[in-house]
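User: I would like to go through this structure with the definitions in hand. Please set each value against its cut-off before drawing a conclusion.

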Amino acid sequence: MTSANPSSQSRYPAGSLAFPHRGLLGLAGLAPHEILFLLDEAEQWVELNRQPTKRVDHLRGLTIINAFYENSTRTLLSFEIAGKRLGADVVNMTVGQSSVKKGETLIDTAMTLNAMRADAIVIRHASSGAVRLIAEKVDCPVLNAGDGQHEHPTQGLLDALTIKRAKGDFVGLRVTICGDILHSRVARSNILALTALGADVRVCAPPALMPTEIERMRVTPFHDFDAALKGADVVMMLRLQNERMTGQFIPSPREYRHLYGLTLDRLAKAAPDAIVMHPGPMNRGIEIDSNVADLAGRSLITTQVEMGVAIRMACLEVLTRRARRMEGWA
Amino acid sequence: MKHTALTITNGLIVGRHGAPAKGAIRCEGDRITAIGPDVTPQEGDRVENARGALIAPGLVDLGVFAIDKPAFHFGGITRAALMPDQNPPLDRPSSVRYAAQSGKPDLWVHPLAAATRALEGQDIAEIALMQTAGAKAVSTGRQWVPDSGTMLRLLRYCAMLGLTVIAHAEDSGIAGHAVATASEMATRLGLPSAPAEAEALAVARDIALAEIAGARLHFRQITTKAALDLIRAAQKRGVGVTAGVTPAHFMLSDTALADFRTFCRFSPPLRQESDRKAVIEAIGDGTISIIASGHDPRGAEDKRLPFSDAEPGMAGAETLLPLTMTLVRDGVIDLATAFRLLATNPAQVLGVDAGELLVGHQADIALVDADKPWIVDSAKMAAAAGNTPFDRQGVQGRVLALWKGGAKVG
């Protein structure tokens, strides 16, 4: 329903097999085969990352700027490693949220970055839609590393890749996403990716943390975690985003754990081979117990981190093909 | 100021009811002195030939956020009620008096007195002094008065002074920092949102309080079916409550927010399609009796921002008349009703002798071609800024000439 945005519209002739999007602002505009293409492209980088020498020179000479307007450790690190392993020059710009939230500064900064002739810009920002705003002002591909409560597309892709490698197929797969759905961009990108690929997605949260009309995104909403877990093949836990909450959403952390904490007992209600995922950082003992988070063979939380680097390498490599004048893409 | 007599001939005069009738209108000084089919120019009159165009009352725009003369004149607006949401707010007699003089002679500004000091919703402002200084009504601004006791005292006080209270209908506890209506659109875009019922809750309370106080209450913008049902019922039992709306809320629904279009950020926010249809129905049955522009020109520094950080509001003065004309062409209202919504009824809320072509009234006259097609172009607007969601849209209806107090504008 979100109409096509100008910055991701195809500039390739009809019939071309090239990836038609200029940047990656969200998964909302991607067709299922385009999502699968990125997952497939990432497989080679999973292999590379397991070699002693983890470096290629595909992006040699290109400059990637990571502009992070919101605190991040793992996503920033993941993008930095991804760019460096592809041979690009990677520059990080982390800006305290307070100094650039208002005014033209955001667009001015975008135009400054553009004038420095970056070949790709990775942006994280606390406001929904901020990344698109910047993308409209720059000439190079823009990758959304999380904008407000809107989307976090590389997280959605890396979670899909993790699930694909563990479960093989998405069609009919029962995925339960539990936690602060309302404030979660991770949930939105996961819902978009997994429903597009045919999974049966359930979302579970207390009413105050459940977005309005979420069922219109082709998911089944639950308030009862035990019911949502029944027969689930994938259990994805989300962090309580206290920093985004205005007003009281839950009475206390221990009450939250009582209703929505993933314990070993609760996990037993899911399918016997259900996998456990969490985008991190975890609040151990609140939304997930340590003995679940560290459950060998079932918890894929560190695998997610590994897949994150591969997915980001795939996105950077694919989106810079046009700039690198790759045959069939230029 | 010296006025010669003026006669506008060969026009179609817009009356209170019915189809416009062929005739002429004559003004002496700043007043209308004759009107009808038999009126002819007298010797020495300046004569304007309307060439079959509509002779209509100048529009009275109830609730604008800036004094933007070029835009108002383009839109046929001769009087504008200025919202108290200024910097500083219109909460003192001196600022009210200043604002009241700021548009003269060719635009009359009717300041709306801030209901509470600094519009903070706590202490009632010096309303009687502001009335003496020229305030024609009282407004809570773009926000709700959260304390019911304060609101009741305010309504009682204004009832005593004979002033209408113009309220903003959004329960602030529910609306919070929301920038969109809770819906599929807000969910997909990840925008802070609040249920549309925040409006009905505010309306229910304020109607109850107005009934106790015997006050006249006007909601500047009503945008949901639930709130309109409450107002319709209250009007039926004789409560002095009226409702208005801006064209954005009968033209657009929240699907317009796609791609984070900040030109579609309003307060209250755009609603879902079913509410938009309910607004049109309420205009048709008279529950909504006023259409205003909510004119609020905002430059890039306020609008080229992430959606949640952008300021609400649109530059609406130029499109007020043509967008209202879409309701006439769609058969929702007739032409006479359109001008009652745009001029007569808002003048009545303000208690000013305007908004209708009557002998003895101020000669605020617009010559209108109701069918003239044109294309809205945000880059070429008369307004101080081009923040319109209707850019590149074809519309019909344009003001050909405008007189304020018998003097031609422009």
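User: What share of the contacts in chain A with a separation of 6 or more comes from residues 24 or more positions apart?

Analyst: In chain A that share is 73%, where contact means heavy atoms within 4.5 Å. For chain B the corresponding figure is 71%. This is a predicted model, in which local features need pLDDT of at least 70 and side-chain atom pairs count only at pLDDT 80 or more, while totals for chains, interfaces and linings use all residues. Residues are numbered from 1 along each chain as its sequence is written, chains are lettered from A and ligands numbered from 1 in the order in which they are written, and side-chain values use heavy atoms, with hydrogens and water left out.

User: How do you know that the radius of gyration of chain A agrees with a compact globule?

Analyst: The radius is taken over C-alpha atoms, and the globule rule is 2.2 Å times the number of residues to the power 0.38. For 330 residues the rule gives a value near 20 Å, and chain A has 19 Å, so the two agree. The C-alpha trace of chain A spans about 55 × 45 × 40 Å along its principal axes.

User: Why is A:E317 called buried?

Analyst: Buried means under 20% relative accessible area, exposed means over 50%, and partly exposed lies in between (1.4 Å probe, protein chains only). A:E317 has 3% relative accessibility, so A:E317 counts as buried. The residue sits in helix 12 (residues 301–319) of chain A. Leaving aside residues up to four places away in sequence, A:E317 touches several residues, including A:W45, A:H58 and A:R324.

User: What makes the pair A:E317 and A:R321 a polar contact?

Analyst: A polar contact is a pair of N or O atoms within 3.5 Å; within protein, one must be able to donate a hydrogen and the other to accept it, and residues adjacent in sequence count only if both atoms are side-chain atoms. The side chains of A:E317 and A:R321 make such a contact at 2.8 Å.

User: Is A:K137 buried or partly exposed, and where is its place?

Analyst: A:K137 has 33% relative accessibility, so A:K137 counts as partly exposed. Its place is the loop between helix 5 and strand 4 (142–147) of chain A. Among the residues that A:K137 touches are A:I107 and B:R304.

User: Why is the pair A:R216 and B:E184 called a salt bridge?

Analyst: A salt bridge is a side-chain nitrogen of Lys or Arg within 4 Å of a carboxyl oxygen of Asp or Glu. The N to O distance between the side chains of A:R216 and B:E184 is 3.1 Å. The rule finds three salt bridges across the interface of chain A and chain B.

User: How many residues of each chain are in contact?

Analyst: In chain A 31 residues are in contact with 21 residues of chain B.

Notes: Helix = DSSP H or I, 4+ residues; strand = E, 2+ residues; numbered from the N terminus.
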